[in-house]
Amino acid sequence: MSTRPTSRFLPPVCCLLLSLIAAPALADGEVNIYSARKEDLIKPLLDDFSKQTGIAVNLVTGKEEALLQRLQSEGANTPADILLTADAGRLAAAQKAGVLQAVKSDTLAAHIPASYRDPEGYWYGLSVRARPVIYARDRVKLGDLSTYEALADPKWKGKVCVRSSDSVYNQSLVAGMIAHHGEAKTEAWAKGLVANFARPPTGGDRDQIKAVAAGECDVTLANTYYLGSMVDSRDEAEKQAAAKVAVFWPDAKTTGVHVNVSGAGITAHARNRDNAVKLLEFLAGDSAQRWYAETNSEYPVNPAIPPSATLKSWGEFKADTLNVAKLGELNATAVQVMDRAGWK
Ligand code: FE
């Protein structure tokens, strides 16, 4: 039974008081977000922000490309103050398209390591997603795994599942490789990897993990939060699939694990710029960062906040320190490399 009092138990004066309490929310203004993150992955945080500051948050969710196109076509008339996306490559594309503005904030600089934000402040990472190797516990020995590079070795022939080259997560991974090894070496690697595919790329990261669990392939590359959501899933089949795989952190002795960020930038024509800065500072702050770690199975961007129990169970890893802005800069080259390598 609900413990919340219903209105018939409350004298009329309460309602007047409630509306007075609610009033500052309007007086403190608003902030408008275009978000490519799903509503349930951001809404609870936005509600918290409104409660704490009295600033109303209006959320429009959509696909990454559609939101960017919308910002471009709306130009100075856009109602959006913030663009929120799930990949540094997307943020860099938005910056390149001229729809973001540079913002300096001591709070953001203090909470977000330099490699997870744009050097000029056009956008800031808010959560970290790692893309390690996920392997079949029963068929792969730990000693067989070392680096991303080694997955192109013929010994993995017919044993690799990876989603398509349309995935910006893979594009960013390849962009990171190009930054470290150059275009030619990365293309040779991509060709080797494609030659090892167990099947033509199909489905999302979660589907690759399931394919490994089902024995269709032995290894995949996937963002950890997908595995996290399977471990914590209410769906018994997903839980069982997650139990059949494990995380391997590649490149521990070299460049580190490929990481990316979800993040946000303030739009070039933001009408509520100050509120938008306040919201980004809130999202980089302790309570929001803890929420990312606990609820979303993402790594906090703020190093002061510990990861969740699920994330801790996979152990610590060395993250690539390449500035994630590079992933955006090299995105077009990465797409060409994957195309030439025959990565569908
Ligand atoms: Fe995702």
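**Helix α12 and the iron site**

User: Which residues of helix α12 (residues 286-295) are buried?
Analyst: In this predicted model, local features need pLDDT of at least 70 and side-chain atom pairs pLDDT 80 or more, while totals for chains, interfaces and linings use all residues. Residues are numbered from 1 along each chain as its sequence is written, and side-chain values use heavy atoms, without hydrogens or water. Helices are DSSP runs (H or I, at least four residues), as are strands (E, at least two), numbered from the N terminus. With buried meaning under 20% relative accessible area (1.4 Å probe, protein chains only), the residues in α12 are Ala 288, Gln 289, Trp 291, Tyr 292 and Ala 293.

User: Which elements do the buried residues of α12 pack against?
Analyst: Contact means heavy atoms within 4.5 Å. The partners of these buried residues are α2 (43-53), β5 (124-130), α11 (273-283), β11 (299-300) and α13 (309-313).

User: Which residue just after α12 takes a positive phi?
Analyst: The phi in question is about 50°. The residue is Ser 297.

User: What are the protein donors of the iron ion?
Analyst: Donors are N, O and S atoms within 2.8 Å of the metal (3.2 Å for Na, K and Ca); water is not among the atoms, so sites may look incomplete. Those of the iron ion lie 2.0 to 2.1 Å from it and are Tyr 169 (OH), Tyr 225 (OH) and Tyr 226 (OH).

User: How many residues apart in sequence are the parts that Tyr 169 and Tyr 225 tie together?
Analyst: Both tyrosines are buried. Tyr 169 lies in helix α6 (residues 168-181) and Tyr 225 in helix α9 (residues 224-231), so the pair joins parts whose separation in sequence is 56 residues.

Terms used: Buried < 20%, exposed > 50% of the residue type's maximum accessible area, 1.4 Å probe, protein only.
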